[in-house]
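Morning, everyone. Please look at the screen.

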Amino acid sequence: MSKIVAITMGDPAGIGPEIIAKSLQSEIIKDIPAIVIGSADLLKKQLSMKLFDNVHINVINKVAEAKFTPGVMNVIDVPLADINTLKPGQIQSQAGDLAYHCIHKATELALNKEVGSIATAPLNKEALHAAGHMYPGHTELLAKLTNSKDVAMVLYTENLKVIHVTTHVSLRNFLDNLNTQRIETVIQIAHDFLKKVGYDNPRIAVAGVNPHAGEHGLFGDEEIKFVTPAIKNMQEKAIQVIGPCAPDTVFLQAHQGKFDMVVAMYHDQGHIPLKLLGFYDGVNIAAGLPFIRTSADHGTAFDIAWKGIAKPDSMIESIRLAAMLTK
C-alpha cells in the first residue's frame, strides 16, 4: 500500500491553495509524502503574491517523479480554463470544473494504488453545479467515481466522532425519505470504520430524530417506526449499538467518553456539536470508499480568500489523519 497522500486543490477561488501550501510547511506532517493535484500556475501566482513562501513548486506528470524533500511541493497540474479571469471569493464555473477534475484525477491515482489516500481542500457546491457537475458534495462525487454503494460522512476529532444518515438534503426531504435500511447501513459503516481505525469493540450511539428522541411518540413517531427497529436489527448482529438517544445530550456523552461514535440523523444535528467542539481540528472523512479520504472540515471561506490569513489547522489534521489511517 502506497503511503503517499494526494491533496486536491478544491475551489481555487477559495482558501484551498493557500492552506495546502501552509500545511506542507508544517512540522506536524513534514515526514508525510504528499503530492498536490491542482493548478500549478495558480500556486505560482499565489506564491508571487506572498500568500505563502519558502516553497519550490515541482510540476510532475506522474507520481513516480515526485521528490519528497523539505520545501518542495510536488504538483500534478490540472490547468484552469483561464487563470486571468479567475476572481478570488466568487462562484465561478471554471473553479467548480477544476475542483471536479482534481477529485477525478486523485480518485484515479488511488484506485490504481499510486497513492494510498486522498485529502481534499474545500470546494464550493454552487460552483461545482455551475460547471455541470451535479453532486451535493465530495462524498457523493467520490461514491459515484468509485462505484461505492454504501458511503457516509464521518466528522472526526480526537474526542468526538459523528457519522451521518443524511447530509446535504432538506429537512423535508430527510423526513420524507427516512427508512430503517439506511439507518442499519450507516450503523454497519460506523462499526466497520471504527474497527478499521483501531477500536476492537466499538460503542455506537444512535441519536433520535425528534426532541427527547420522541418520548415514546409524544413528540413524533420516527423513532418508533424507523430508528428503534434498525437498532434492534443491528444488535442481533452483535454490534454494540444503543438508542435512540436524546439528541441534546448524546453528543456530550460521546465527547466525555461514553461512546466511540454517534450516528446523527441529519447534517446540522451532527455538524453543530462537532464544529462547536472541534472547529479547527475536525476532519471530514468519507467512510465506505475503497480508500481513505479526508477533508478539512470547513468551507471555501470566500470572505478571506487570497488574503494570506487563512488557518491551515484542519487541513494539516486531515493530511495527518489520511496518512495515519492508511494501512
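How many residues does helix H11 have, and how far does it reach from its first C-alpha to its last? Helix H11, residues 313–325, has 13 residues and reaches 18 Å. That is close to the 18 Å expected at 1.5 Å a residue. The expected span is 1.5 Å times one less than the number of residues. Helices here are DSSP runs of H or I, at least four residues, and strands are E runs of at least two, numbered from the N terminus.

A word on the source. This is a predicted model: local features need pLDDT of at least 70, side-chain atom pairs count only at pLDDT 80 or more, and totals for chains, interfaces and linings use all residues. Residues are numbered from 1 along each chain as its sequence is written, and side-chain values use heavy atoms, with hydrogens and water left out.

Back to H11. Buried means under 20% relative accessible area, with a 1.4 Å probe and protein chains only. Among the buried ones are Met315, Ile316 and Leu321.

Next, H8. Helix H8 covers residues 222–235 and has 14 residues. H8 reaches 19 Å, close to the expected 20 Å. H8 bends by about 30° at Thr228, and Pro229 follows within four residues. The bend is the angle between axes fitted to the seven residues ending there and the seven starting there.

Which residues of H8 are buried? They are Glu222, Glu223, Phe226, Val227, Ala230, Ile231 and Met234.

Technical notes: Buried means under 20% relative accessible area, exposed over 50%, partly exposed in between (1.4 Å probe, protein chains only).
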